[in-house]
Amino acid sequence: MKVAVSYLKSDNYKKCIAKIDESKADFIHVDLCDGKYVEAKNFTTSEVTKLLSFTRKPLDIHLMVQEPIKYIDALALLNVSTITIHLDGCKDPAHTIEYIKSMGLKIGIAINPDESIEILTPYLNDIDSVLVMTVVPGKGGQTFMTEVLPKFDELNNIKDNYHFIIAADGGINGETISCLKEKKVDLVVSGSYVTNSEDFDESISNLK
Ligand code: DX5
Ligand code: ZN
């Protein structure tokens, strides 16, 4: 199981990003909130580019924004592995997906707790990852929602026909990780559990 660490809840972004970059995390998870798609607002693309231009680890970018397509050109200059979008934030989801792919980046689709996996149907052949939100997007430090767990079974049932990986985001810690192991999740995103700990590597090892 791979681990992406989010710095969303940290009070010193620069320091926290440097610590994640030096840790054994597989990815730095970059949460971008625009104050429209979600209530919270954090960074502009130029701020985020500044913060992440010196990091070495691949970036797992999660766009909690309206019209994610507007962010792609600037973000593509970074060391990006995957860009994950929310379909209900896009005017033209198919074009947005194609555009991200045309930049040579992997494309993920996030599924909110109140969305069903059926929203993926038109795009299943195109996507590299499905990010199941195990909290309502927008804030770090929330409680893991066990009611979304059946979605992992549904995804596992269709997975063999496609090439996407299954990822989970929100409320993941040393306890909630065990049900995700059972569900054969490929990648977990963890924020506060890792970034509130003294020893990032120890917390990441606990998750792995
Ligand atoms: C939630 C974000 C998550 C968040 C995870 O809106 O997408 O990536 O940072 O943080 P924790 O692990 O604290 O729930
Ligand atoms: Zn996220």
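The model is predicted. Ligand 1 sits in the largest pocket. Around ligand 1 there are 19 residues. The protein buries 99% of the 380 Å² that ligand 1 exposes when taken alone.

**Ligand 1 and its contacts**

- Gly138, Gly141, Asp169, Gly191 and Ser192 are the closest of the residues around ligand 1.
- Glycine 138 makes its approach through the backbone: one of its backbone N or O atoms lies 2.6 Å from an oxygen atom of ligand 1.
- Glycine 141 also brings a backbone N or O atom to an oxygen atom of ligand 1, at 2.8 Å.
- Aspartate 169 uses its side chain, where an N or O atom is 2.7 Å from an oxygen atom of ligand 1.
- With the protein in place, 99% of the 380 Å² exposed by ligand 1 alone is buried.

**The shell around ligand 1**

- Eleven residues of the shell are polar, five are nonpolar and three are charged.

**The largest pocket**

- This pocket holds ligand 1.
- Its volume is about 270 Å³.
- The lining of the largest pocket has 25 residues.
- Closest to the pocket's centre are Lys139, Gly140, Gly141, Gly170 and Gly171.
- At least two lining residues come from each of strand 2, strand 8 and helix 7 (192–195).
- Twelve lining residues are polar, nine are nonpolar and four are charged.

**The second largest pocket**

- The second largest pocket has a volume of about 200 Å³.
- It is lined by 14 residues.
- Nearest its centre lie Phe27, Ser81, Thr82, Ile165 and Leu187.
- Strand 4 (80–85), strand 6 (129–133) and strand 7 (165–169) each give two or more residues to this lining.
- Strand 4 gives the most, with three residues.
- The lining of the second largest pocket has five charged, five nonpolar and four polar residues.

Technical notes:
Residues numbered from 1 in each chain as written. Chains lettered and ligands numbered in written order. Predicted model: local features only at pLDDT ≥ 70, side-chain atom pairs only at ≥ 80, totals over all residues. Heavy atoms only, no water. Near = heavy atom within 4 Å. Polar contact = N/O pair within 3.5 Å; in protein donor to acceptor, adjacent residues only side chain to side chain. Areas by Shrake-Rupley, 256 points an atom, 1.4 Å probe, with all protein chains shown as cover. 1 Å grid on protein atoms, 1.4 Å probe; cavity = no way out; pocket = protein on both sides within 12 Å on 5 of 7 lines; lining within 4 Å. Sits in = over half its atoms within 2 Å of the grid points. Nonpolar A, V, L, I, M, F, W, Y, C, P; charged D, E, K, R; others polar. Points joined across faces, edges and corners; volume = space filled by probe spheres on them. Helix = DSSP H or I, 4+ residues; strand = E, 2+ residues; numbered from the N terminus.
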